Amino acid sequence: MSAKAEIEIIEEYCKGCSICVEFCPTKVLEMDAFVVKVANADACIACNQCELRCPDFAIKVHKL
Amino acid sequence: MAYDYEKSIRPGKLPHIWCPGCGHGIVMKGLIRAMDTCGLEKNNTAIVSGIGCASRLPGYMDFNTLHTAHGRAAAFATGIKMVKPEMTVICCGGDGDGTAIGGNHFIHACRRNIDMTYVIMNNYIYGMTGGQFSPCTPTGMKASTTPYGNPDPIFDISKLAIGAGATFVARTTSFHATQIDKLIAEGIKHKGMSVIEVLDDCPTSYGRRNKFRSVVDMMKRLKEVAVPVAAAAKMTDEQLEGKVLTGVLFKEERAEYTDQYAKLIARVQGA
Ligand SMILES: Cc1ncc(C[n+]2csc(CCOP(=O)(O)OP(=O)(O)O)c2C)c(N)n1
Ligand code: SF4
Ligand code: SF4
Ligand code: SF4
């Protein structure tokens with residue numbers, strides 16, 4: 001499977017709340033200490049849930 | 001392309017001060033999308049707040065903004081709308097700001113049906129000052145000032161607004177992210193006093209004290225308790241126990257205050 005979007009994480013804004021990790025339906029994201037990271041880029045279906053729910057403007061979904 | 005929120009935010013203001021997981025950031029994103037939907041011009045829009053974590057919101061927004069005294073958002077907003085009726089006026093703040101110290105201004109803005117949109121972020125607590133109970137802290141829940149559980153019944157903000165005379169009243173939650181912008185946009189387009197109550201979460205001052213393991217747990221609770229009005233119409237009182245209605249709860253057309261005031265001036269000056 002190939003990624004449907006490229007996920008951009010703005011590390012200076014991310015507060016590590018893990019909302020995006022929890023609501024990503026395909027487990028693309030993972031916590032890395034206090035900041036989120038893309039762990040499984042290929043699984044992204046570009047659903048936009050992470051960008052929509054992030055309270056900190058810290059994650060962007062760029063559709064491919 | 002990712003959604004361009006930055007164009008509505010003052011340069012250099014992010015990251016914001018809200019705690020990890022605080023629902024106010026989710027509401028702010030919804031507000032930005034709603035304002036985009038309505039095509040609001042920066043120079044013709046004012047965003048007004050009182051004091052509290054929720055009331056920090058206007059400081060991030062690249063519009064005309066006022067951060068006023070605790071509870072006084074509706075009063076200052078009324079002043080702006082009276083002087084500049086052509087402006088779109090948006091109020092925002094917390095449950096404490098809007099229904100405790102500011103309760104009086106809130107109900108009288110509703111009574112007058114002045115054309116503004118009030119987004120009230122109800123996280124059931126005074127977040128900023130360390131978690132004292134608010135008029136919206138549910139009975140039995142813990143606040144720093146109710147360590148044995150809150151004995152008081154709550155204000156239902158939406159019902160309060162309807163009772164006081166607001167002509168557009170809607171409720172959603174920070175879990176229902178896309179509904180936030182739809183309802184705020186509908187409120188902005190409505191002529192008269194619009195109140196949008198957004199149930200959101202304060203993990204720091206409310207969640208921890210009430211044994212929520214994470215903000216995600218708090219959001220899942222919001223998902224569980226919310227029932228859309230249409231679905232609720234088919235449910236029994238028993239099934240609705242502990243639920244909160246979401247969607248447009250009330251809407252009517254009624255004479256708007258600044259219009260009536262302009263008519264009064266014309267009549268008196270003409271006489
Ligand atoms: C006149 C006055 N009284 C009390 C305070 C202290 N105070 C600051 S914010 C706040 C409550 C904020 O609660 P809420 O409006 O629910 O917003 P939240 O912080 O939960 O977002 C209080 C009591 C104040 N700033 N001014
Ligand atoms: S866009 Fe959807 S699938 Fe892709 S990372 Fe975000 S939540 Fe996961
Ligand atoms: S939702 Fe936002 S702030 Fe929270 S972990 Fe994900 S990117 Fe970071
Ligand atoms: S104290 Fe509560 S309301 Fe204030 S920023 Fe933190 S989580 Fe949000």
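Which side chains meet in a salt bridge of 3.1 Å, N to O? In this predicted model, the partners are Glu6 of chain B, Glu6(B), and Lys60 of chain A, Lys60(A).

**The interface between the chains**

Two salt bridges are found across the interface of chain B and chain A. Three helices of chain B, namely helix 1 (24-37), helix 7 (177-189) and helix 9 (215-225), each supply at least two residues of the side that touches chain A. Helix 1 of chain B makes the largest contribution, with six residues. By type, the residues on this side of chain B comprise 20 nonpolar, five polar and four charged.

The contact involves 29 residues from chain B and 18 residues from chain A. Together the two chains bury about 2000 Å², and 65% of this area lies on carbon and sulfur atoms. Ala2(B), Lys29(B) and Val216(B) provide 24% of the area that chain B buries against chain A, more than any other three residues.

**The surroundings of ligand 1**

Ligand 1 is surrounded by 17 residues, and the closest include His24(B) and Asp97(B). The shell divides into seven nonpolar, eight polar and two charged residues. Helix 4 of chain B gives the most to this shell, with four residues.

| Residue | Protein atom | Distance |
|---|---|---|
| Cys53(B) | polar backbone atom | 2.9 Å |
| Gly96(B) | backbone N or O atom | 2.8 Å |
| Asn123(B) | side-chain N or O atom | 3.1 Å |

On its own, ligand 1 has 590 Å² of accessible area, of which the protein covers 73%.

How values were computed:
Residues numbered from 1 in each chain as written. Chains lettered and ligands numbered in written order. Predicted model: local features only at pLDDT ≥ 70, side-chain atom pairs only at ≥ 80, totals over all residues. Heavy atoms only, no water. Contact = heavy atoms within 4.5 Å. Buried area = accessible area lost by both parts, 1.4 Å probe. Salt bridge = Lys/Arg side-chain N within 4 Å of Asp/Glu carboxyl O. Nonpolar A, V, L, I, M, F, W, Y, C, P; charged D, E, K, R; others polar. Near = heavy atom within 4 Å. Polar contact = N/O pair within 3.5 Å; in protein donor to acceptor, adjacent residues only side chain to side chain. Areas by Shrake-Rupley, 256 points an atom, 1.4 Å probe, with all protein chains shown as cover.
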